[in-house]
Amino acid sequence: MGRQTREVDVVVIGAGQAGLSSAYFLRRFGFAPGTGLVVLDADARPGGAWQHRPGSLTLSKVHGIFDLPGSHFRPTEADQARTAAAVVSDYYGAYERRYDLRVRRPVQVRSVRRAGARLLVSASSADGTPGEEWAARAVVNATGTWRRPYWPYYPGAGDFAGRQLHYADYHGPAEFAGQRVVVVGGGLSAMQVLSEIADVAASTAWVTRRPPEFRDGEINPDVGREVVAKVEERVRAGLPPASVVSVTGLAYTPVVLEALRKGALDRLPMFDRIVADGVVWNDGRRVNADVIIWATGFRAVIGHLAPLRLREPGGGIRMDGTRAVAEPRLHLVGYGPSASTVGANRAGRAAAGEIRDLLAAEDESIQSERGARVG
């Protein structure tokens, strides 16, 4: 059977925090599920990237879960001992039902391309065969980063005789018992790994490219606006977005405090090369290792947008707020300044509002043209 194409006002791709926020505001602005709004998600269940976090990350270790718009996250005492993945999945699932968002899953979007006055969103089934297709007047891309772990190359990586893995494949500390582990990365993922494996590993070494900056206090609205502004400078210039933690620094979360208490945060500068049994520096320093864990972050999942040819010479997509400058029918939420809880909800509202205004102006123009022809 051939691919079936449906016309719709807005397609939201992704049902993590950014996608749910966008869908919530689009519903409030009058886009009803079906012909008005379709929400697609690649995962089999609710939860966004949270559902993929390791089972060792209990809610008690998390420095708070950000509220979705129109809903307060109020975990119980019993929730503190549950995995963050399970608690957040339950919260997101209840939210989808409460606001009747009707998320379609699992749907893997393969491409978004122009088709006259619309954007054609094409998906495939789990086995890769052509699936459904939506011809949308506007698209919100909220695909996040989890499915694209960043794994930098370092000389000698292929010579290492031990195990290498990315944080995306980290499932907890038990499998590293008695091993010598090097953890690479300066973000919260590295903090979690170090805080957990310090109890069981024979030794740990923490390596980062830059000295970490630890920060006291909460990210209040004023700090949040400053963070968003700094990240936004890059995407306005068409550069790839920097990580939010590179701007905010590392807060003293329960995980960071635990790693400090266990003496796991004795930071080393980035090594120069990898050898069969560890890592070495040009000054002669050496750390023997059985495992290297790359907690080096993720990159935006935007390969399906390639047919739109939005990339700037600097490597990023030039943005004006959440709107792609080269394609005004496309909004990227959860990209750049809205790639964290700091900005995702506000970005979802902004994207929904711009789309409402854009489509209203188009409808008014069409009515005016029809009136002129009748006259």
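Asparagine 282 counts as exposed because its relative accessibility is 61% (exposed is over 50%, buried under 20%, partly exposed in between, with a 1.4 Å probe and protein chains only). This is a predicted model, in which local features need pLDDT of at least 70, side-chain atom pairs count only at pLDDT 80 or more, and totals for chains, interfaces and linings use all residues. Residues are numbered from 1 along each chain as its sequence is written, and side-chain values use heavy atoms, leaving out hydrogens and water.

**Asparagine 282**
- Asparagine 282 lies in the loop between strand S13 (278–280) and strand S14 (286–288); strands (E, at least two residues) and helices (H or I, at least four) are DSSP runs numbered from the N terminus.
- Beyond its neighbours within four places in sequence, asparagine 282 is in contact with Asp272 and Arg273 (contact means heavy atoms within 4.5 Å).

**Parallel sheet**
- Five strands form an open sheet with parallel pairing in the order S6-S15-S7-S8-S11 (two strands pair if DSSP finds at least two bridges between them).
- Strand S6 (163–166) and strand S11 (267–269) are at the edges with a single partner strand each, so one side of each has no neighbour in the sheet.
- Strand S7 (residues 180–184) pairs with strand S8 (residues 203–208) in the parallel sense over 5 bridges, and valine 183 stands opposite tryptophan 206 in S8.
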